[in-house]
Amino acid sequence: MSTPYDKSITELVDYVYNHTLDETEEKIWTSARTALLDAMACAISTATTSPEALRLISPVVDTVVPDGFPVPGTKLVVDPVAGAFGLGVLIRYLDFNDAVGGVEWGHPSDNLGAILPVMDWLARSSASGQRVHKGPPLTMQTLLIALVKAYEIQGCYQMQNAFNAYGIDHVVLVKLASAAVVSWLLGLSQEQAMATISHVWMDGHPNRVYRSGANTIPRKGWAAGEAARRAVQLSLIVGQGQPGSPGALSAKPWGFWERTFGEVGFKFPRPFGSWTVQNVLFKIMPVEGHAISAVEAAILHARLFRQKGLSDPLGLINRIDLRTTAAAYLIVNKKGTLHNAADRDHCIQYVVALAFLKEGPPEAGDYLDKGPWATSEELNSLRDRIVVNPDSKLTRDYFDLNKKSIGAGMTVHLADGSTMPEILIEYPVGHARNPQTPAAIQKKFFHSMGQIFSAAEIGRILGAVRKPDLPVSVFVDLFVPTGKAKL
C-alpha cells in the first residue's frame, strides 16, 4: 500500500477486525439477542401485512439460485445482494424497527439486512463446496458479534455527525457499517476492507428529500434495503480485486469531506465499543421514533378524557399543546394534506390524533390510503388543533448521553376554558430505561411470529439465539414459512 488510507477509515477497520467484545458481559449479548429477534419480528410483520413491500423485493425474472438465501417469511430464495435488499426492506418498511437518535437519526437493525444474507450464503456455498470460506466461523456467535459492531459504528457516527444538514439521508451509515462488517465476514483482508469503505464514501449518497415534508414517499421504507444491497455489492467487488482510494475522505478538492460533507473530519463521543446495542429504542408500535412519546401521552390523555365522562373530543377539545424535541419538530411536524401512508406515519399530529381517537397505538393499516383513518374528517379536525413546539430542555436531554431521553409533553385545553394537566413522557415503552420494555418487546415478538409460525416453531427460534455454535443457516431455515406466508 503506497498511500495510507484516511485515519477514519483505518480506525473503523481496526475496530471491526481487532476489537474483542467482552464475552463475560452478559448485557451485551442479551441486548444483541433482543435486537436480532426484534428485527426478525419486524421482517415477519412486513411479510404478512404489506403486499407493497413483497412486490418490491420480488425478482423481475424467476431464477433458481444455488446456495441462495431464503428470505424470511417468504418463499423467495435469492443471491446475497438481492437478499440484502429483500431483508432490509422487510425489517424497515413498516417503520417498526429499533432506532437511535443524535444529531443524526437512524435504525441500526437495518444492517442485519446485509449481515444475515451474506453469512447464510457463505455457509451454504461453503457446505456445497462452491466456495472456500476464509472468514470468521459462520455461527450464531459471529452473527451477534457482527450485529453489535454494525450497531456501534452507526450509533457512534450518528451522535455528532449531522449528515442531514447536507441533505444526505442517514442510510449512508447503513452502507458504511454494513460494508465494514460484511468485508470481515467475507474474509477480506484489512486493506480490502479499507478499500471497500473508501468506495462507500466515493459512492453517490441518497438525498433525504423522500423523508421530508410533502415529499415523503414510501422510498423511506426501502432506502435502507438499498443501502444494505450496495454495501454487499461493494464488498464483493473489492473481493474480486478492485482497488480503493486511500484519500476518499480527505482528498482535495474532490474528497467527501470537502465536496460533500462541508467540513473536515468526523466527531465521536466515545471510542467504538458496545454502547449502541445496549441503548437503542425498540418500537412497540409502527410510529416514527421521535413521535412515540407523544403517542403514549395521547393514549393516557384519551383514557383520562373518558374517565371524566367526556365522549366528544371534537366538541370539547379546543387545542392540544405538544412540546417535544427539536428533532421531532424538524422531522415529523406537518400541516396540510398528507399524500400517502409514508407521509402519515411521519406526521406527529396524525399519529397523536389517531392514538387519541383510538385510545390505543397506531397500527400499520391505519396509515393506508384505503383505511378508514386516512380520510377521517374527525381525525383531520383534531389534527388541526394540535400545536407542536420544540422545547429546549427536552432537546438537551435528548442529546445528553447520560440521559438519551426522547421526551414529549402534552396538554389538552378544553372548550369550557379548563385544562387537562400536561402528561410528560421522557422514556417511552421501548426505551432502555423503561422497566416495561422487555415485556413489551416480547409481546411484539410473539404477536409478529404468530402470524406465520406455531408456538413450537417460535420456541425453536428463541432457543437458537442462545446457541453460540449453531450454524447461521440453521437459524435462517427456522424462518421459512410453513404455509401462511404471502410468497
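Asn 340 is buried, because its relative accessibility is 14%. Buried means under 20% relative accessible area, exposed means over 50%, and partly exposed lies in between, with a 1.4 Å probe and protein chains only. This is a predicted model, in which local features need pLDDT of at least 70, side-chain atom pairs count only at pLDDT 80 or more, and totals for chains, interfaces and linings use all residues. Residues are numbered from 1 along each chain as its sequence is written, and side-chain values use heavy atoms, with hydrogens and water left out.

Stay with Asn 340 for a moment. It sits in the loop between α13 (326–332) and α14 (341–345). Helices (H or I, at least four residues) and strands (E, at least two) are DSSP runs, numbered from the N terminus. The side chain of Asn 340 reaches the backbone oxygen of Thr 216 at 3.1 Å. Not counting residues up to four places away in sequence, Asn 340 touches Thr 216, Ile 217, Pro 218 and Asp 369. Contact here means heavy atoms within 4.5 Å.

Now turn to the annotated spans. UniProt, in an unreviewed entry, lists "domain: MmgE/PrpD N-terminal" at residues 11–267. The UniProt record also places "domain: MmgE/PrpD C-terminal", again from an unreviewed entry, at residues 286–457. UniProt positions follow the numbering used here, feature names are shortened, and annotations may be inferred rather than shown by experiment. Residues 11–267 are 56% helix and 3% strand, and their end C-alpha atoms are 13 Å apart. Residues 286–457 are 43% helix and 16% strand, with end C-alpha atoms 25 Å apart.

Lys 283 lies in the loop between α10 (256–261) and α11 (292–307). With a relative accessible area of 1%, Lys 283 is buried. Its side chain makes a polar contact with the side chain of Asp 95, at 2.5 Å. A polar contact is a pair of N or O atoms within 3.5 Å; within protein, one must be able to donate a hydrogen and the other to accept it, and residues adjacent in sequence count only if both atoms are side-chain atoms. Leaving aside neighbours within four places in sequence, the contacts of Lys 283 include Arg 92, Asp 95, His 107, Glu 288 and Lys 444.

Next comes the interior. In soluble globular proteins, nonpolar side chains tend to be buried together. The largest nonpolar core here has 107 residues, and Trp 201 and Phe 475 have the most contacts inside it. Helix α6 (residues 140–160) gives the largest share of this core, 13 residues. A second, separate core of 46 residues includes Ile 299, Ile 331, Leu 379 and Val 388. A nonpolar core is a set of buried Ala, Val, Leu, Ile, Met, Phe, Trp, Tyr and Cys residues joined through side-chain atoms within 4.5 Å. Not counting residues up to four places away in sequence, Phe 475 touches several residues, among them Leu 36, Met 40, Leu 143, Ile 461 and Leu 470.

Look next at the strands. Four of them form an open sheet in the order β6-β5-β7-β8, with mixed pairing. Two strands pair if DSSP finds at least two bridges between them. β6 (386–390) and β8 (419–425) stand at the edges with a single partner strand each, so one side of each has no neighbour in the sheet. Neighbouring strands are turned by 15° against each other on average, direction ignored.

Follow the pairs across. β5 (residues 317–324) pairs with β6 in the parallel sense over five bridges. β5 and β7 pair in the antiparallel sense over seven bridges. Leu 322 has Val 388 as its bridge partner in β6 and Met 410 as its bridge partner in β7. β7 and β8 pair in the antiparallel sense over five bridges. These two strands form a hairpin with four residues between them, and Gly 417 in the turn has a positive phi of about 95°.

Helix α15 (residues 348–358) lies across β5, β6 and β7 (408–414), running at about 130° to β6. Helix α17 (residues 392–399) lies across β5, β6, β7 and β8, at about 40° to β5. Axes are lines fitted to C-alpha atoms, for helices over the stretch in contact, and angles run from 0 to 180 degrees between N-to-C directions.

Finish at Phe 446, in helix α18 (residues 437–449). At 38% relative accessibility, Phe 446 counts as partly exposed. Not counting residues up to four places away in sequence, Phe 446 touches Ile 458 and Leu 462.
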